[in-house]
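These entries record what I looked up in the structure.

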Amino acid sequence: MTDLVTLGQRLRHQRKSKGMTLEQLSEAVGRAPSQLSLIENGKREPRLSVLEAIAGALGVPLQDLLRPEAPSRRAGLEIDLTRFQESPAYEALGLPAVKGGRRLPADALESLVGLHRELNRLLTEQSATPEVARRANAQLRIDMRERDNYFAEIERAAADVSRSVKHATGPLSQRGILDIAAQLGFTLHYVSDLPGSTRSVTDLVNRKIYLPQVASGKGHDPRAVVLQTLGHFVLGHPEPADYGDFLRQRVEANYFAAALLMPETFAVQFLKEAKADRALAIDDFRDAFGVSYETAAHRFTNLATHHFGIPVHFTRVHENGIVYKAYENDGVRFPSDVTGAIEGQPICRKWASRTIFGSDDPYSSFYQFTDTSSGTYWCTVHIESTRSGEFSVTVGTPYEHARWFRGGDTSRRTVSRCPDPACCRRPPAALVDRWAGQAWPSARVHSHLLAALPPGTFPGVDAQDVYEFLERRA
C-alpha cells in the first residue's frame with residue numbers, strides 16, 4: 001500500500017522526468033489538469049483505471065508509481081514536511097503550513113523537517129505513559145525467569161574483579177571497594193552537592209566517581225551504590241537505547257554488585273551447608289555477608305534454582321498492599337494487568353506479603369503456607385522500614401521445597417482464591433448491605449501513576465544539573 005502523498009510525488013517525478021506538463025498529461029489520459037494536480041498533491045485518491053492510464057501515458061510500469069519509497073531525497077523531505085504539518089500536534093499550534101514545492105530552498109526544507117522531527121521526538125517521549133515501563137519490566141521479568149535469574153557471565157565478571165583485589169570471603173570492606181575502584185581506574189569522591197536526581201555521577205574524562213557524603217536514608221547500601229556504578233563499566237554498558245535497555249542495565253549492574261558483596265563460591269557453600277541442615281534462612285544469609293535483607297533475598301533467587309534446584313518467587317510489597325517488585329520461576333500466579341505487568345497491582349490479602357502486617361509481632365521471623373489456585377506455597381517474610389513506609393520482602397517456594405528452610409514446619413496457613421473477586425477484592429455481603437450508597441471516600445490520587453516517564457537517556461536524571469555539577473568539579 002502506498003500513501004497518497006508518496007504516490008503524488010512519484011507521479012510528479014515521473015511526469016517531469018519525461019518532460020511533460022500537467023496539460024500534456026491531462027490530454028493524454030483524458031482528465032482535467034486540476035484533477036491530476038490534486039492527485040500529485042496527495043489530495044485525491046485516484047481510481048486504478050486512472051493510474052493505469054497515467055502509467056501508460058508516461059511509459060512506466062504501474063508498479064513504479066505504487067512503490068512506497070520517495071522518488072528522491074528532496075521528494076522524501078517534502079513528504080515528511082507534509083505529514084508533520086498534518087499532525088494534530090502541529091495543527092494545535094495554529095501556525096500556517098509551509099508548501100514544500102520547488103520554490104522552497106533546500107536548506108530551508110532540511111531545517112524545517114529537522115525541527116519537526118525533534119519536536120515529534122520530544123512530544124513522543126513526553127507522552128510515554130507508565131505503560132512503557134510496565135511492558136518493558138514485564139519483558140525483563142520473562143527474560144529473568146528463562147534464565148532462573150542466574151547470569152553466568154556476570155558471575156564470571158564479578159569473580160574476576162574479586163580475584164584482582166585478592167578478596168577471599170566475608171563482607172566486602174570499604175577498603176576492598178576502594179581497591180576495586182582503583183583496579184578499574186577510578187577514584188571515589190564524596191561530595192555534599194550531588195544532583196538530587198542521582199545516586200552517583202561519574203566523570204568519564206577524569207575517571208572520578210562522585211558519591212553523597214551522607215547515606216540517602218532510603219535503604220541503599222553505600223557499597224552497593226559504588227559497585228553498581230562500576231558494574232556498568234565492567235559489563236561494557238553503552239548509553240541505554242530505550243527504557244527497556246535502561247531497566248536491563250540496572251538489573252545487570254545490581255546483580256554485579258550483589259555478586260561482589262556475596263561472591264558465588266562462598267555464598268553457594270554457605271547455602272549448601274544450611275540446606276544440609278534443613279535450615280536455609282534469608283536472615284542468616286544476610287548476616288553472614290553484612291548486606292541488607294532485600295539484597296540477600298535477591299541474591300538467594302540468583303543461586304537457589306541454578307545450584308539447588310529450588311524454584312522461588314520474590315516480592316517487595318508496600319504496607320498498602322501494592323507490589324513494587326516481583327520475580328518468580330515457581331509457577332505462582334501474581335496479579336497482573338493486561339500488559340502482563342505485576343508492579344502496581346494489589347496483592348491478595350491472604351498472602352504472607354500482606355498478612356504479616358496484621359500479625360501480633362510483624363518484626364519477628366514470619367513464615368506461612370498459602371493454598372492458591374496454582375498450588376501451595378511456603379513463604380518467609382521480613383519487614384523493612386523506609387521513608388516511604390513499610391515494605392514486606394518475601395521469598396517463597398512450592399510446598400515440597402519448604403523442608404529445606406527454617407520455619408518450613410510452620411502451622412500458619414491461609415487459603416487464597418484470587419483472582420476470584422470473592423477472595424478479598426469484593427466486600428462481604430453484610431458490609432455491602434449496610435454501607436453501599438452510604439459512603440463517600442475522598443480518593444488519594446497518585447498523580448505519578450498517570451504522569452509521563454521522565455525523558456532523557458537516563459530517565460529521571462536532570463542532565464543540566466549533572467553537567468553543571470561536573471563543570472563545577474572540573
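Which residues line the largest cavity? Working from a predicted model, I listed H313, V332, W351, A352, S353, T370, T372, Y377, C379 and T394 as its lining.

I then noted the extent of this space. The search of the whole structure returned two cavities of 30 Å³ or more, and the largest cavity holds about 80 Å³. I checked which elements contribute: α17 (352–355), β6 (366–372) and β7 (375–386) each give at least two residues to the lining of the largest cavity. By class, I recorded five nonpolar, five polar and no charged residues there.

Next entry: the second largest cavity. I noted a volume of about 40 Å³. L280, A281, I282, D283, Y367, W378, T380, F405 and R406 form the lining of the second largest cavity, with α15 (282–289) and β7 each supplying at least two residues. I recorded six nonpolar, one polar and two charged residues in this lining.

Last entry: Q368. I located Q368 in strand β6.

I looked up the partners of Q368 beyond four places in sequence; among them are K350, W351, A352, Y377, W378 and C379. The Q368 side chain lies 3.0 Å from the backbone oxygen of K350. I also noted a polar contact of 2.9 Å between the side chains of Q368 and T370.

How values were computed. Residues are numbered from 1 along each chain as its sequence is written. This is a predicted model: local features need pLDDT of at least 70, side-chain atom pairs count only at pLDDT 80 or more; totals for chains, interfaces and linings use all residues. Side-chain values use heavy atoms; hydrogens and water are left out. On a 1 Å grid over the protein atoms alone, a cavity is a set of points where a 1.4 Å probe fits but cannot get out, and a pocket is an open set with protein on both sides within 12 Å along at least five of seven lines; lining residues have an atom within 4 Å of a point. Grid points are joined across faces, edges and corners, and a volume is the space filled by probe spheres set on the points. Helices (H or I, at least four residues) and strands (E, at least two) are DSSP runs, numbered from the N terminus. Ala, Val, Leu, Ile, Met, Phe, Trp, Tyr, Cys and Pro count as nonpolar, Asp, Glu, Lys and Arg as charged, and the others, Gly among them, as polar. Contact means heavy atoms within 4.5 Å. A polar contact is a pair of N or O atoms within 3.5 Å; within protein, one must be able to donate a hydrogen and the other to accept it, and residues adjacent in sequence count only if both atoms are side-chain atoms.
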